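User: I'd like to learn how to read helix packing from a model. Could you walk me through the features one by one, starting with how helix axes are compared?

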Amino acid sequence: MTLTESPPSVYQGQFGEFTINQGDRTGVIIYRTALMVAALSFAIASALILLNNNPTTIQAITPLYTVFCLALGVSLLTIHIYLAPLHRLLQVFWLIGCISSFVFGHFDSQPFAVTVYTHPLTLFGVGFIFAALTGIFFKEAFCFNRLETKVLTFTVPILLLGHLVGVLPIQAEQVLLGIWAILFVVFALRKAVQEIPPDIGDKSVFAYLKSKSIKTA
């Protein structure tokens, strides 16, 4: 008896039929796994700041932030976004944020978290990481009408911009950070149990947009 792969599923898209194969499904699983790793890393780092703020835990935030950045990069590599320029823009934002984080993390004697917190202008570089993350939240809110991503789409920039210009009291920043961490985990958990095909999207649209870009090139 020989084992054979099941045939790919066929769907009717806006511009014709398309198939979803195992490679498509694997890509979605990687995307969701990366989101979960990013969410848990961010949540743990946030908990250390909010619940057990001391020199040792502050040092631990740096490796957690590194894991968060790497996982976010994987999610941006595997996410399905119809508009290729927007997809590339989010990836560029991620790259700028990573480079900035590396520079600030290695050229300041203070722990990375302390550097960013005490020097808000660093957000002009590091903040691009979170702009890329907000792009994911916005995409998920637009495509799936998720309440948690709608809230996160506004919470993240309010917290970062508020800290940048110095208008938020510490208590407000702590509340916003807690909301961010909790809803990020909620979002990742809900993605884990969502059906896979909706995350792949209408592949006929991707094919149509690609053919148009080739013709206009």
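Analyst: Happy to! Axes are lines fitted to C-alpha atoms, for helices over the stretch in contact, and angles run from 0 to 180 degrees between N-to-C directions. Helices (H or I, at least four residues) and strands (E, at least two) are DSSP runs, numbered from the N terminus. Here, the axes of helix H6 (residues 147-165) and H7 come within 9 Å, crossing at roughly 150°. This is a predicted model, where local features need pLDDT of at least 70 and side-chain atom pairs count only at pLDDT 80 or more, while totals for chains, interfaces and linings use all residues. Residues are numbered from 1 along each chain as its sequence is written, and side-chain values use heavy atoms, with hydrogens and water left out.

User: What is the handedness of the crossing of H6 and H7?

Analyst: A crossing is left-handed if the near helix is turned anticlockwise from the far one by less than a right angle, and right-handed if clockwise. H6 and H7 cross in the left-handed sense. Contact means heavy atoms within 4.5 Å, and among the H6 residues that make it are Val-151, Leu-152 and Leu-159, with Leu-176, Trp-180 and Phe-187 among those of H7. For classes, Ala, Val, Leu, Ile, Met, Phe, Trp, Tyr, Cys and Pro count as nonpolar, Asp, Glu, Lys and Arg as charged, and the others, Gly among them, as polar. The contact of H6 with H7 has 14 nonpolar, three polar and three charged residues.

User: How is H1 oriented relative to H7?

Analyst: Angles under 35 degrees count as roughly parallel, over 145 as roughly antiparallel, 65 to 115 as roughly perpendicular and the rest as oblique. The axes of H1 (residues 22-51) and H7 (residues 170-192) come within 9 Å and cross at roughly 155°, so H1 is roughly antiparallel to H7. Their crossing is left-handed. Tyr-31, Leu-35 and Phe-42 are among the H1 residues involved, meeting H7 residues that include Leu-177, Trp-180 and Phe-184.

User: Where is the kink in H5 centred?

Analyst: The bend at a residue is the angle between axes fitted to the seven residues ending there and the seven starting there. In H5, a kink of about 30° is centred on Ile-129. The expected span of a helix is 1.5 Å times one less than its number of residues. With 22 residues (123-144), H5 reaches 29 Å from its first C-alpha to its last, close to the 32 Å expected. Just after H5, Asn-145 has a positive phi of about 55°.

User: How many helices and strands does the whole chain have?

Analyst: The protein chain has nine helices and two strands, in the order β-β-α-α-α-α-α-α-α-α-α. Its C-alpha atoms fill a box of roughly 60 × 50 × 30 Å, taken along the principal axes.
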